[in-house]
Amino acid sequence: MNKRHTQRQKWWWWSLMGVILVVLLVSAAGTSPTEGNSDDRLFAIAAQIKCVQCVGESVAGSAAPIAIQFRSEIASQMNQGRTNDEILNFFADRYEGVLLTPPSTGVGSLVWVIPVIAIAGAALLLAESLRVRRSRGPVQQPSPEDEALVEVALEARHSETSVTSTDTTDDP
Amino acid sequence: MNRALGLTGLILALGGSLLAISVILTGLKRSRPELMRMGRAYSFVVLLGATMAVAAMERAFIQRDYTLKYVAEHGSSTTPALFNVASMWSALEGSILLWGLILAGYLVVVAHKFRKRLDDSLVAWALITMFSVCVFFFGLMLTAANPFRGNIPIPGFDGPGPNPLLQNHILMAFHPPMLYLGYVGFTVPFAFAIAALVTGRVGEGWLVETRRWTLFAWGFLTAGIILGAWWSYEVLGWGGYWGWDPVENASLLPWLTGTAYLHSVMVQERRGMLRVWNLSLLCATFSLTILGTFLTRSGVVASVHAFSAGSVGPILLGFFALVVAVSVGLIGLRGDQLRSVGHIDSPLSREGAFLANNVVFAALAFVVLLGTVFPLVIEATTGDTLSVGPPYFSRMTMPLGLTLLLLMAIAPVLPWRKASGELLRERLWWPAWTGLAAVLLAVLLGATGVAPLLAFGLGGFAAGSALRQIALATKRLGWRGFVGRTNGGMVVHLGVIVIGVALAASMSFMSQGEFTLKEGETARVAGHTLQFLSSRTVDQPNRVELLARIKVDGEQVYEPKLNRYRQSGQTIPTPSVKASLRDDIMMSITTAPSESDPSLGLRVIVQPMVTWLWIGGLIMVIGTVLSLFPGRRRNPLDAVSAAAPIEQVSA
């Protein structure tokens with residue numbers, strides 16, 4: 001390791017980086033609009049509702065008459081001061097499966113739960129298999145014949161070429 | 001005439017494939033190499049048949065030959081020439097025909113490339129696998145999805161033309177062929193994987209044979225997906241480029257598993273590990289292309305009840321099940337030979353990072369697949385209707401995407417086998433500062449929100465690592481520092497990072513509005529002014545266009561259109577986009593001015609950095625091409641974990 005790089009090993013430089021990052025993140029934490037009657041809020045709500053007469057489009061994305069009608073309904077409810085959830089529930093009560101966010105209760109909530117369990121399970125299994133493998137040690141010990149072969153091959157290589165062949169995948 | 005020619009071509013291709021399989025099998029069984037070598041000749045027969053069929057179909061479209069049912073349903077005398085040619089792949093039967101042609105093309109290239117080794121059982125089994133896939137697709141075209149069904153047109157009949165959305169933008173001519181070159185290309189590594197399993201030669205040989213084929217297919221799939229996103233951005237007019245639509249998800253799934261494979265294959269080449277996993281990933285990638293075709297082409301996604309409408313769905317599903325069963329069975333059969341020779345010494349190592357990468361990609365594929373099929377499963381089991389839409393996918397994939405950015409930052413600096421904290425601090429110094437600088441810059445530019453800021457920061461961090469690798473490689477090797485898998489791969493990483501940052505920016509900082517404007521009135525969105533000047537109508541052969549002249553920021557004039565198609569009566573807007581490196585302004589007409597109401601309905605969407613998505617895509621393609629060139633190879637006699645020469649450590 002080069003001497004002029006010793007500052008890279010100092011813990012306080014890295015802590016400083018962390019502190020700056022946290023300060024920046026906290027100072028600029030934003031929120032999405034949940035009140036008022038801006039178009040941005042309107043389309044944020046509309047993007048969570050399926051256009052019931054279209055294929056694969058949300059109320060925000062569609063140009064169909066029904067989507068335009070839904071958007072004006074959302075706008076009028078926003079003007080009445082209703083919250084995002086109240087507006088979404090209004091549509092959910094009238095049209096089955098209209099919300100693009102699956103429910104957090106009932107059978108539908110499985111779509112949220114399954115991936116979390118699967119990913120956590122896979123990670124645990126992987127960690128466990130790594131631990132077992134490592135405790136088992138090397139799979140095979142090279143036999144004296146193997147080592148002799150390696151010797152011969154290395155010998156042959158060193159005498160055969162003077163070009164240093166380095167690996168591009170490793171860092172110098 | 002066209003019908004006869006097309007059917008002859010299909011029968012020729014199917015017959016050639018069936019004969020090829022039996023001839024090669026006989027050659028294998030009786031150890032007669034001259035029979036096995038005939039596979040090459042048969043591959044030309046299959047290509048000839050496929051070309052005849054496609055030529056007949058294109059000829060029928062050009063001649064408006066309505067004695068073909070497919071042309072009568074999707075052709076029209078008013079379709080412009082380019083879209084007329086592209087009409088072939090605008091619906092199910094024709095797109096399977098395109099699939100068949102590309103498959104036959106890959107078959108010929110494989111048979112030619114390996115022409116000196118056709119009597120090698122590995123190559124023979126790979127060809128048998130490819131011919132079998134040909135049998136399936138050409139068989140499908142001669143039965144359930146026959147593009148050459150006959151029709152008796154009434155005199156003066158004119159077809160409706162393809163779906164208006166599909167004749168609206170030039171990308172429609174390029175996006176599907178690109179995507180199919182990717183999809184179908186994965187047949188080649190899959191065929192070699194099956195061959196390796198059948199012959200029991202499950203070492204690293206087959207991997208090395210198919211490395212470039214996989215990369216080639218992956219590059220086309222990437223380009224196809226990005227062109228598709230571009231098409232939907234330009235055509236659909238709601239400012240979106242990715243809607244988590246089942247069709248889009250179907251193309252993303254093999255991309256995810258293919259990307260995982262491109263990474264984990266390096267662990268196997270280098271350390272002899274993950275053999276079962278790599279075989280599974282390849283089989284999964286291929287079967288997901290079939291499942292994707294099933295999901296998108298059988299009508300099963302739009303509604304469960306459309307299932308019985310055609311027999312294509314069950315056949316595709318059956319083929320998918322067959323592929324999965326064969327793959328799983330063979331892997332199980334060879335299980336004892338697939339045990340890895342090496343093991344992972346430390347999670348903090350290059351192979352550990354690749355493993356983590358694979359977990360994340362597998363998780364992404366799982367989430368996307370689950371979200372796509374979940375509504376079907378629920379409707380089939382409980383009868384309830386529910387939707388799994390973009391809010392779900394965004395929320396689930398966002399943390400995984402951020403994890404990938406973090407891995408892209410750390411993995412490239414990790415050595416094989418084992419890394420120390422000291423080494424990481426040394427190598428990650430500049431990348432970490434780059435990441436911090438990116439967050440600072442974003443905050444100064446007014447960005448808010450933890451998730452987008454994290455994306456920018458991790459993007460900068462990862463870009464720092466990739467640039468560091470490229471800088472070190474070019475310093476040592478000159479221009480060769482850009483080519484080869486590792487360095488080209490870093491260029492691909494840069495493209496991915498650019499796309500990641502552009503995604504975060506455009507999704508988080510989008511502003512939009514809907515306006516009703518009279519001539520001369522002005523709307524304001526996100527600091528831009530848009531003035532409605534005038535409107536006019538233009539008659540085209542297949543549609544009536546209404547054009548509105550909109551002056552943006554007092555400078556240039558843009559003309560979004562509203563098209564009314566004569567044949568179908570559908571009204572489709574063609575948005576107009578003022579694109580710049582900073583932000584895009586998309587204008588789309590919602591309602592046309594009329595006699596009674598002279599005001600124009602205009603939807604305006606302003607999104608930052610959208611152009612960078614396409615630039616990032618281009619960088620990814622360039623990086624893939626660079627990776628295809630042979631890089632500096634490591635000496636095969638070096639130990640797998642050999643350290644770099646001492647004199648270069650402090651360079």
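What distance separates the centres of domain 2 of chain B and domain 3 of chain B, taken over C-alpha atoms? In this predicted model, the separation is 39 Å. Chain B is divided into domain 1 (1-162), domain 2 (196-275 + 289-408) and domain 3 (511-608).

Two helix pairs were examined in chain B. Helix 10 of chain B spans residues 205-236, and helix 11 of chain B spans residues 246-271. Angles over 145 degrees count as roughly antiparallel. Helix 10 of chain B and helix 11 of chain B are therefore roughly antiparallel to each other. The crossing of helix 10 of chain B past helix 11 of chain B is left-handed. On the side of helix 10 of chain B, the contact residues include L207(B), V208(B), R211(B), W218(B) and I225(B). Helix 11 of chain B contributes, among them, E248(B), W255(B), Y261(B), L262(B) and E269(B). By class, this contact of helix 10 with helix 11 of chain B has 12 nonpolar, eight polar and three charged residues.

The second pair joins helix 15 (residues 390-410) and helix 17 (residues 450-477) of chain B. Here the axes are 7 Å apart, at an angle of about 25°. Angles under 35 degrees count as roughly parallel. Helix 15 of chain B and helix 17 of chain B are therefore roughly parallel to each other. Helix 15 of chain B also passes helix 17 of chain B in a left-handed crossing. From helix 15 of chain B, M398(B), L402(B), L405(B), L406(B), M408(B) and A409(B) take part in the contact. They meet residues of helix 17 of chain B that include A451(B), L454(B), L458(B), G459(B), F461(B) and S465(B). The contact of helix 15 with helix 17 of chain B comprises 12 nonpolar residues, two polar residues and no charged residues.

Chain B also holds an open sheet. Four strands form this sheet of chain B in the order 1-10-9-8, with antiparallel pairing. Strand 1 (511-517) and strand 8 (576-578) of chain B are the edge strands, each pairing on one side only. Neighbouring strands of the sheet are turned by 20° against each other on average, direction ignored. Strand 9 (residues 583-591) and strand 10 (residues 600-608) of chain B run antiparallel and are joined by eight bridges. S588(B) has R603(B), in strand 10 of chain B, as its bridge partner.

Definitions and conventions:
Residues are numbered from 1 along each chain as its sequence is written. Chains are lettered from A and ligands numbered from 1 in the order in which they are written. This is a predicted model: local features need pLDDT of at least 70, side-chain atom pairs count only at pLDDT 80 or more; totals for chains, interfaces and linings use all residues. Axes are lines fitted to C-alpha atoms, for helices over the stretch in contact, and angles run from 0 to 180 degrees between N-to-C directions. Angles under 35 degrees count as roughly parallel, over 145 as roughly antiparallel, 65 to 115 as roughly perpendicular and the rest as oblique. A crossing is left-handed if the near helix is turned anticlockwise from the far one by less than a right angle, and right-handed if clockwise. Two residues are in contact if their C-beta atoms, placed from the backbone, lie within 7 Å. Ala, Val, Leu, Ile, Met, Phe, Trp, Tyr, Cys and Pro count as nonpolar, Asp, Glu, Lys and Arg as charged, and the others, Gly among them, as polar. Domain bounds come from an automatic or database domain assignment. Two strands pair if DSSP finds at least two bridges between them.
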